[in-house]
Amino acid sequence: PGLHRQHGKQGGGSKGIYAKLTVVVVVLLICTFSVFFLATISGNRGSLEPSEINVEELWESAKSGGWRPSSAPRSDWPPPPKETNGYLRVRCNGGLNQQRSAICNAVLAARIMNATLVLPELDANSFWHDDSGFQGIYDVEHFIQTLKYDVRIVESIPEIHKNGKTKKIKAHQIRPPRDAPISWYTTVALKKMKEHGAIYLTPFSHRLAEEIDNAEYQRLRCRVNYHALRFKPNIMRLSESIVDKLRAQGHFMSIHLRFEMDMLAFAGCFDIFSPEEQSILKKYRKDNFAEKRLVYNERRAIGKCPLTPEEVGLVLRAVGFDNSTRIYLAAGELFGGERFMKPFRDLFPRLENHSSVDSSEELVANTRGLLGSAVDYMVCLLSDIFMPTYDGPSNFANNLLGHRLYYGFRTTIRPDRKGLAPIFIDRENGQTAGFEQAVRRVMLKTNFGGPHKRVPPESFYTNSWPECFCQMSPSNPADKCPPDNVLEILESQLENEVNRDLEALMETNSTRRTEI
C-alpha cells in the first residue's frame, strides 16, 4: 500500500508538473497576445491623437506618390482633318461649373463625331440672370489655340456662298439623352449632322457618359478643363489680387459653405428651421425638384444634409485649427442668416469673402453673377486648403476638388458627413465626452488631397486619377509620362495636315486651269 501510494504520488507529481507547465505556457501565450494586442491598440489609439493630424503639414500639398499631372496624348492622336462632318452647337445650362463640365463634354463630342465645334453657348439667364456668355467669362483665343490639336472651333456657323447666293445653315435641334454613350453620338447624332450640316444639342448638361473606357478621350476632357478653359484676364487679375491680399498675412483656407436655400431644399433638410423658413424651403422644393418622401432624421443620419456653419467650425477645431486661422468663404446667400453664422464666426472670427477683400466696383456689381462665381472658383483653387461642406451634387465643389488634385495634389478637407452625423447627434443630446477625438477618428479615414482610386459615385471631374496623371518610372507602362517634346510632335502632325490640304488645293486649282 505504501509503495502504491508512493507510486501514486509520483504519478500525481508528473501530472502536477504537466499541469503547471501547461499553465505556464497558457500564461505566456496570454501575455504574448496581450502585449501584441496592447501594442496594436496603442498604435491605433496613437493614430487618433491630435498630433496625428498635423495642421502644419495640411498647409502644404499632399504627398504625390511619384505622380504628376499630365493630360497630353500618349498614343497616336491625329490632328482634326480640314473636312469635318458638320457643325456642332450646344447650349450649356446650369451654373458656371455645370457649364464647365458641359463644355468639356462638347469638345469630346466634337472629336468623336469629327465635327467643327461652334463656341458653346452658356445659358446664363436661366440660373444667374447674367448674359455674360462664353466670351464674357473665358479667354476665347486661348481656348481655340489650346485645342487646335484636338478639334476645329469657330465662333459661329459660317454662311455658305454658292452660285452667287448666300445660304445659312440651320442647325437641327436634338435633345440628347442624359449620360448618353459614345455610340449615341456616332449613330443618332452623327446621322442628323450629315443630313442637316449642323446639329444643336440642348440642353447639354450631363449629356455624355463620364466613365468612358478610353484614356485618351478622358485626357482630352482634362486638357479642356485644366488648360483650355482659362478665365478672361480681368477675372484672373481680380482673383490674383484677392489671393495676394489674403496670403500677405500668411496661409489661408477657403470653404465652400453650401448652406443655401436650393441645396437645403434639394436635400430635404428642414427641421432645424423655423416654421416660416420651412415653408419657404418646401415651396422651393415643390417648384424645382421631383416629389419625394424625405424624413429629416433619416436624411441626416445617412449624411445627406449639408453641414451647418457651426458643424463646419467644430470639425476644423477638432482637426486642430485655432481661431487665428484665416478663412475665405465662397458662398451665396446663407439661409437662416446670422442665427446660423454666429456660432461659426465665434469659433473663427477671421472670415473673408471676395467683397470684403476687394470692394472694386466691377466685383461688387457682379458679385452674384458668373463673374463672382469665377472669382470664387479661382481663389478656392489657389488657396492653401480647400474645404467643401457639401460635395454631393455640388458642381462647384466637385470641379474644384478635381482641379486642385490636378494642380499638384493641393490639400482638401472633405468631411465624411455620414461618419460625422451620429457624433453630432450625440453632442446635441448632451453626450459631449470624447467629441473631438471621435471627429478626428472619422477625419483620419478621409483623403486629404493625394492620389486615390475613383470609386462611384465620385465623378471623373472630381478625380481624374489615373488617366490624367503619369509617373516617370511606373510599374504599369500605361502610366508612363509622355515624351517632353509631345507638343512638338503634335505641332508637326498639324503642320503636315495643313501641308497636305495646301497640296490638295493646289492640285485642284492646277487641274481647273488645265481644263480651262
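## Exercises on helices, strands and rings

Helices H3 and H7 are roughly perpendicular to each other. On this scale, angles under 35 degrees count as roughly parallel, over 145 as roughly antiparallel, 65 to 115 as roughly perpendicular and the rest as oblique. The model is predicted, and local features need pLDDT of at least 70, side-chain atom pairs count only at pLDDT 80 or more, while totals for chains, interfaces and linings use all residues. Residues are numbered from 1 along each chain as its sequence is written, and side-chain values use heavy atoms, with hydrogens and water left out.

**Exercise 1. Describe how H3 and H7 pack, and say which residues meet.**

Step 1: Locate the helices. H3 covers residues 96–113 and H7 covers residues 182–196. Helices (H or I, at least four residues) and strands (E, at least two) are DSSP runs, numbered from the N terminus.

Step 2: Take the geometry. The packing angle is about 70°, and the axes are 10 Å apart. Axes are lines fitted to C-alpha atoms, for helices over the stretch in contact, and angles run from 0 to 180 degrees between N-to-C directions.

Step 3: List the contacts (heavy atoms within 4.5 Å). From H3 come Ala-109, Ile-112 and Met-113; from H7 come Ile-182, Tyr-185, Thr-186, Ala-189, Leu-190 and Met-193. The residues of this contact of H3 with H7 divide into 8 nonpolar, 1 polar and no charged. Here Ala, Val, Leu, Ile, Met, Phe, Trp, Tyr, Cys and Pro count as nonpolar, Asp, Glu, Lys and Arg as charged, and the others, Gly among them, as polar.

**Exercise 2. Work out the strand order of the open sheet and what lies across it.**

Step 1: Find the order. The 4 strands run E12-E11-E10-E13, with parallel pairing; two strands pair if DSSP finds at least two bridges between them. The edges are E12 (351–352) and E13 (385–388), each pairing on one side only.

Step 2: Check the bridges. E11 (residues 327–330) is joined to E12 by 2 bridges, and Ile-327 has Leu-351 as its bridge partner in E12. E10 is joined to E13 by 4 bridges, and Ile-255 has Met-387 as its bridge partner in E13.

Step 3: Look at the side chains of E13. Ile-385 and Met-387 point one way, Phe-386 and Pro-388 the other way, and all are buried. Buried means under 20% relative accessible area, exposed over 50%, partly exposed in between (1.4 Å probe, protein chains only).

Step 4: H17 (residues 370–382) lies across E10 (253–256), E11 and E13, at about 145° to E11. H18 (residues 395–406) lies across E10, E11 and E13, at about 150° to E13.

**Exercise 3. Follow the contacts of Met-261 to an aromatic pair.**

Step 1: Leave aside neighbours within four places in sequence. Met-261 is then in contact with Ile-280, Leu-281, Tyr-284 and Phe-335.

Step 2: Continue from Tyr-284. The structure holds 20 aromatic pairs, and one of them is Tyr-284 with Phe-289, tilted, at 6.2 Å centre to centre and 55° between the planes. Rings of Phe, Tyr and Trp (its six-membered ring) pair if their centres lie within 6.5 Å; planes under 30 degrees apart count as stacked, over 60 as edge-to-face and the rest as tilted.
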